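Please open the model in a viewer and keep the selection tool at hand.

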Amino acid sequence: MPPVITAFATSPDRGQGLARDMRVRWALEEVSQPYDVRLLSSAEMKEPAHLALHPFGQIPTYEEGDLSLFETGAIVLHIAEHHAGLLPIDAKVRARAINWMFAALNTVEPPILELANAMLLESDKPWSKERLPLVMDRVRDRLEQLSAHLGDTDWVDGKFSAGDLMMVHALQRLKPSGLLDEYPNLSAYVARGEARHAYMRAFAAQLEVFQMSEHPKSICAQLGH
Ligand code: GTB
């Protein structure tokens, strides 16, 4: 039985790949593992059946036999530890790749999420205009440092790893802000991630869910379902 992940039945980003099931889909594609998807409405995400899997009522979750996980970092790490392709074999290089997964989630992503919230949820507040430059500068600090580390290399530490997967996905959230464009090597880094075949397969699968929810009949006909 393939693992089952959960995802939005109606994607709030219209299938642009920003919802975090994308990380899990991408990881599974990188290691060539098939998976099933259970789509949830916003209401279903807060119902007891889903809360039993995810105490915070969010997506994605990951079910494999009697194992059930939530949190994309834990899910991607689990996948990477059980299938070749996302973590190096050498123990020290592997530890460094995991280090980069945590850096993506704990150091780079938080100011990015703060900015996304400031732009999406707080733009109508009277203090928003004054606060936004501060939030943007906090993101710039991190991007500056990451850009300096990356230099002209392709990935954060040698070969592509789960660390890059998490980092690229965290950075993608910056696209609407235009901040990524200030760092050409980071824009190129994100584009390199998006050009991977595994990424493209994962993106197409997530987009298909959105298209099905918008135009179920015509898409079914195109797909021959
Ligand atoms: N720390 C958790 C993890 O990494 O797994 C965070 C999971 C999470 O934020 N899930 C979001 C969710 O379920 C979806 S991905 N939200 C619903 C809720 O909390 O009720 C975050 C997300 C949402 C929307 C967009 N978007 O519209 O662009 C992008 C990303």
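**Stop one: a glycine in a loop**

Select Gly 15 together with Phe 203, Gln 206, Leu 207 and Phe 210, the residues it contacts once neighbours within four places in sequence are set aside. This model is predicted. Gly 15 lies in the loop that links β1 (4-8) to α1. Is Gly 15 buried or exposed? Its relative accessible area is 2%, under the 20% limit, so Gly 15 counts as buried.

**Stop two: the largest nonpolar core**

Next, select Leu 171 and Leu 174, which touch the most other members of the largest nonpolar core, a set of 51 residues. Elements giving two or more residues to this core include α1 (21-30), α4 (72-82), α7 (162-172) and α9 (197-214). The largest contribution, 9 residues, comes from α5. Domain 1 (4-85 + 198-221) and domain 2 (91-194) each supply at least three residues to this core. Now display the surroundings of Leu 174: beyond four places in sequence, it touches Ile 112, Leu 115, Val 139, Leu 143, Leu 179 and Leu 180.

**Stop three: α6 against α8**

Finally, select α6 and α8, whose axes approach within 9 Å and cross at roughly 75°. The two helices are therefore roughly perpendicular to each other. On the α6 side, show Leu 143, Leu 146, Ser 147 and Leu 150; they meet Asn 185, Leu 186 and Tyr 189 of α8. Coloured by class, this contact comprises 5 nonpolar residues, 2 polar residues and no charged ones.

Terms used: Residues numbered from 1 in each chain as written. Predicted model: local features only at pLDDT ≥ 70, side-chain atom pairs only at ≥ 80, totals over all residues. Heavy atoms only, no water. Core = buried A, V, L, I, M, F, W, Y, C linked by side-chain atoms within 4.5 Å. Buried < 20%, exposed > 50% of the residue type's maximum accessible area, 1.4 Å probe, protein only. Helix = DSSP H or I, 4+ residues; strand = E, 2+ residues; numbered from the N terminus. Domains from an automatic or database assignment. Contact = heavy atoms within 4.5 Å. Axes fitted to C-alpha atoms, helices over the stretch in contact; angles between N-to-C directions. Parallel < 35°, antiparallel > 145°, perpendicular 65-115°, else oblique. Nonpolar A, V, L, I, M, F, W, Y, C, P; charged D, E, K, R; others polar.
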